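Here is a short briefing on one protein structure.

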Amino acid sequence: SSGINAEYGEEEEEESEEPATASSKSAVTLKHMEGMDLKIDPWNGEEIVRGVLKDSVKLRVDVFPSHIKKHHITWLHNHKRISPRYRVRFENDRREVHILSLRKKDAGIYTCRIKYNDGSQKQQKDCTLILDVSVPTFTVKHNP
């Protein structure tokens with residue numbers, strides 16, 4: 001038994017006499033990539049990211065399996081493609097968007113779209129995050 005459930009592409013408990021080494025483990029995973037479903041989720045399950053005006057914020061996603069080759073990540077803000085500019089940077093293989101000096105107009109819906117080839121056909125997955133930008137609160141001290 002190979003330990004792989006072919007219908008769903010999930011690994012089950014392996015019953016093997018060979019000692020499992022790190023290299024053989026990754027080789028097994030890569031060998032069975034075809035037809036595997038890619039998952040993309042908000043980092044730490046945070047679907048709503050809260051930022052404060054003029055601060056910086058990171059929008060992040062988790063992609064699994066992380067070693068899928070030939071994938072392309074695009075980020076959209078309110079359904080329009082965003083590209084790096086002086087306040088916006090992509091990091092960690094485009095899995096993170098770092099926005100510097102937040103403005104009110106940065107609030108809205110961010111979609112991380114990943115296009116990849118699972119070995120048999122081209123696939124696309126979207127992950128949506130909401131960025132809420134609030135105004136910093138100030139405490140005013142009154143002299144008695």
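**Hairpin and strand pairing**

β8 and β9 form a hairpin, with four residues between them. In the turn, asparagine 92 has a positive phi of about 55 degrees. The model is predicted: local features need pLDDT of at least 70, side-chain atom pairs count only at pLDDT 80 or more, and totals for chains, interfaces and linings use all residues. Residues are numbered from 1 along each chain as its sequence is written, and side-chain values use heavy atoms, with hydrogens and water left out.

**Around β9**

- Strands are DSSP runs (E, at least two residues), numbered from the N terminus; two strands pair if DSSP finds at least two bridges between them.
- β8 and β9 pair in the antiparallel sense over four bridges. Valine 88 has isoleucine 99 of β9 as its bridge partner.
- β5 and β9 also pair in the antiparallel sense, over four bridges. Here valine 57 is bridged to isoleucine 99 in β9.
- In a regular strand the side chains alternate between the two faces of the sheet.
- β9 is covered on both faces: Glu96 and His98 are buried on one side, Val97 and Ile99 on the other. Buried means under 20% relative accessible area, with exposed over 50% and partly exposed in between (1.4 Å probe, protein chains only).

**Open sheet**

- Five strands form an open sheet of mixed pairing, in the order β4-β11-β10-β6-β7.
- Its edge strands, β4 (48-52) and β7 (80-81), each pair on one side only.
- β6 (residues 71-77) and β10 (residues 108-117) pair in the antiparallel sense over seven bridges. Tryptophan 75 has cysteine 112 of β10 as its bridge partner.

**Nonpolar core**

- The largest nonpolar core has 23 residues. Such a core is a set of buried Ala, Val, Leu, Ile, Met, Phe, Trp, Tyr and Cys residues joined through side-chain atoms within 4.5 Å.
- Residues with the most contacts inside this core include Ile40, Trp75, Val97 and Leu131.
- Elements giving two or more residues to the core are β5 (57-64), β6, β8 (88-91), β9 (96-99), β10 and β11 (122-134).

**Histidine 77**

- Histidine 77 lies in strand β6. Histidine 77 counts as buried because its relative accessibility is 16%.
- Its side chain reaches the backbone oxygen of aspartate 106 at 3.2 Å.

**Charges over rings**

- The charged end of arginine 60 sits over the ring of tryptophan 43, 3.7 Å from its centre.
- Arginine 94 lies over the face of phenylalanine 90, at 4.1 Å from the ring centre.
- The criterion is NZ of Lys or CZ of Arg within 6 Å of the ring centre and within 35 degrees of the ring normal.

Note on methods
A polar contact is a pair of N or O atoms within 3.5 Å; within protein, one must be able to donate a hydrogen and the other to accept it, and residues adjacent in sequence count only if both atoms are side-chain atoms.
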